Amino acid sequence: MAKLHVSANINGEPTEFLCEPYETMLDVLRNELGLTGSKEGCGSGDCGACSITLDGRLVCSCLMLAAEGGEIRTIEGMAEGDTLHPLQQKFLELAALQCGICTPGVLIAAKSLLEQNPDPSETEVRFWLAGNLCRCTGYDKIVRAVLETAADMKEVSR
Amino acid sequence: MTEIGYLAPDTLDEAVGVYSAAGDKARVLAGGTDLLVQMRAGMVRPGLIVDIKKIAEMNIIEETVDGGFNVGAAVSGAVLAEDPRFGKVWPGVLEAINLIGSTQVQGRASAGGNLCNGSPAGDSVPAMIAAGATVTLQGPDGRRQMLVEEVPAGPGRTNLAPGEVLVNFTLPPRPQGSGDAYLRMIPRTEMDIAVVGCGVNLTIVDGVCTVARVALGAVAPTVRLVEAAADALIGSRLDPASLDAASAACRAACDPIDDKRGTIAYRIQVAGVLLKRTVGIAADRAGRA
């Protein structure tokens, strides 16, 4: 069977690609489009390393078919040019990462949280990020970085 | 990998047409949070994937004039949680659906998929059964209704006929003084599969329980409606003796497996405990005096 021709929008850019019907969006992002920021941890929706947003909603790119298309945002679209997103900057300042495999997914998930809830409690952060596993056990720094970013962004918008 | 196709029809007629024509090699794709995992594990190798998310009817959340709800089979947990009304009317059903997986999984997973996946431990299923929900199915021979408790046939199997697609859930109107709840036992706080799940739906009038439905998950090959437990509650003031009787009925309804999540004895014991706790929450929501 011929490959499928898919039109999507990836990080604001209209993008066309060919894929097999069974390929996941994660496969296409990494292998076809060279967007290797999204990571494959488990490949079964447990670890969150492949987190992206699809039509504005947080999803695992390993659990969607590339053929579905849609409006996709990945870690590559998070910074504006050379200017890091406040979450990215804060993660650096607080060393909220060690090996970095989970970091793109954590950042995408945290950005999605702050868009929905600009002033989350620690409990809300922990529940929202429950699907992002960090095997370096850096959760405390991650949670602190998200909370401090939220506080900073609130200060800026005031 | 053998030949495989992907179709995303805009209409239900078209979806049923291609799905039924492809026979048992076809799989319906809603959120994909079970299907893609099963494909990756090699458990299923679909010849055709029919994505139902582009069909308008699969995505509706509609409060009917009589106060019931229609929820499309592909509506994700996250979308349902954002509905301003659904969670107020059916908090137990909503919390059951929202317990499934992570934030990421909630962005995709649907109650329709949870039911059709056929897991005895699916969290939304006991809550839907307790709610008295029915599903609309459409197949090559047209449409029919089925009670949710009649859908599961065994682990991974349903009573849908070949070529039939689940279209939506219909939840009945609620009398004054009604409340529902769902609790599950898991060994951790998040992101796990139920060891036991319990859905309860009550109506209370002047302190007396007039309507009750109880369903248990993960304690038998299918999710079970436990009528004996409901009978023990109906007509009572939810006093300790009635709760003990309902709890015993829940334990008696269990036919569980021993596995790494829980032993047979543990699951049976927990089913009785969860019944009491779930009734407590449902009764509070019903406005118990």
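**Figure 1. Helix α10 of chain B and its surroundings.** Helix α10 of chain B, residues 240–253, has 14 residues and reaches 20 Å from its first C-alpha to its last. This is close to the 20 Å expected at 1.5 Å a residue, where the expected span is 1.5 Å times one less than the number of residues. Helices (H or I, at least four residues) and strands (E, at least two) are DSSP runs, numbered from the N terminus. The model is predicted: local features need pLDDT of at least 70 and side-chain atom pairs count only at pLDDT 80 or more, while totals for chains, interfaces and linings use all residues. Residues are numbered from 1 along each chain as its sequence is written, and chains are lettered from A and ligands numbered from 1 in the order in which they are written. The buried residues of α10(B) are Leu243(B), Ala246(B), Ser247(B), Ala249(B), Cys250(B), Arg251(B) and Ala253(B). A residue is buried if 20 or more other C-beta atoms, placed from the backbone, lie within 10 Å of its own. The cover over these buried residues includes β13 (208–217), β14 (224–225), α9 (227–233) and α11 (264–285) of chain B.

**Figure 2. Leu216(B) in the largest nonpolar core.** This core has 139 residues, of which Ile52(B), Val196(B), Val214(B) and Leu216(B) touch the most other members. A nonpolar core is a set of buried Ala, Val, Leu, Ile, Met, Phe, Trp, Tyr and Cys residues joined through C-beta atoms within 7 Å. Leaving aside neighbours within four places in sequence, Leu216(B) has contacts that include Val196(B), Cys250(B) and Ala253(B); two residues are in contact if their C-beta atoms, placed from the backbone, lie within 7 Å.

**Figure 3. The two domains of chain B.** The assignment, automatic or from a database, gives domain 1 (5–119 + 134–171) and domain 2 (178–285). Their C-alpha centres lie 25 Å apart. The contact takes 14 residues from domain 1 of chain B and 13 residues from domain 2 of chain B. On the domain 1 side, α5(B) gives the most, with 5 residues.

**Figure 4. The side of chain B that touches chain A.** Here 23 residues of chain B are in contact with 24 residues of chain A. The largest share of the chain B side, 4 residues, comes from α2(B). By class, this side has 10 nonpolar, 8 polar and 5 charged residues. Ala, Val, Leu, Ile, Met, Phe, Trp, Tyr, Cys and Pro count as nonpolar, Asp, Glu, Lys and Arg as charged, and the others, Gly among them, as polar.

Technical notes. A residue is buried if 20 or more other C-beta atoms lie within 10 Å of its own, exposed if 12 or fewer, and partly exposed in between; C-beta atoms are placed from the backbone.
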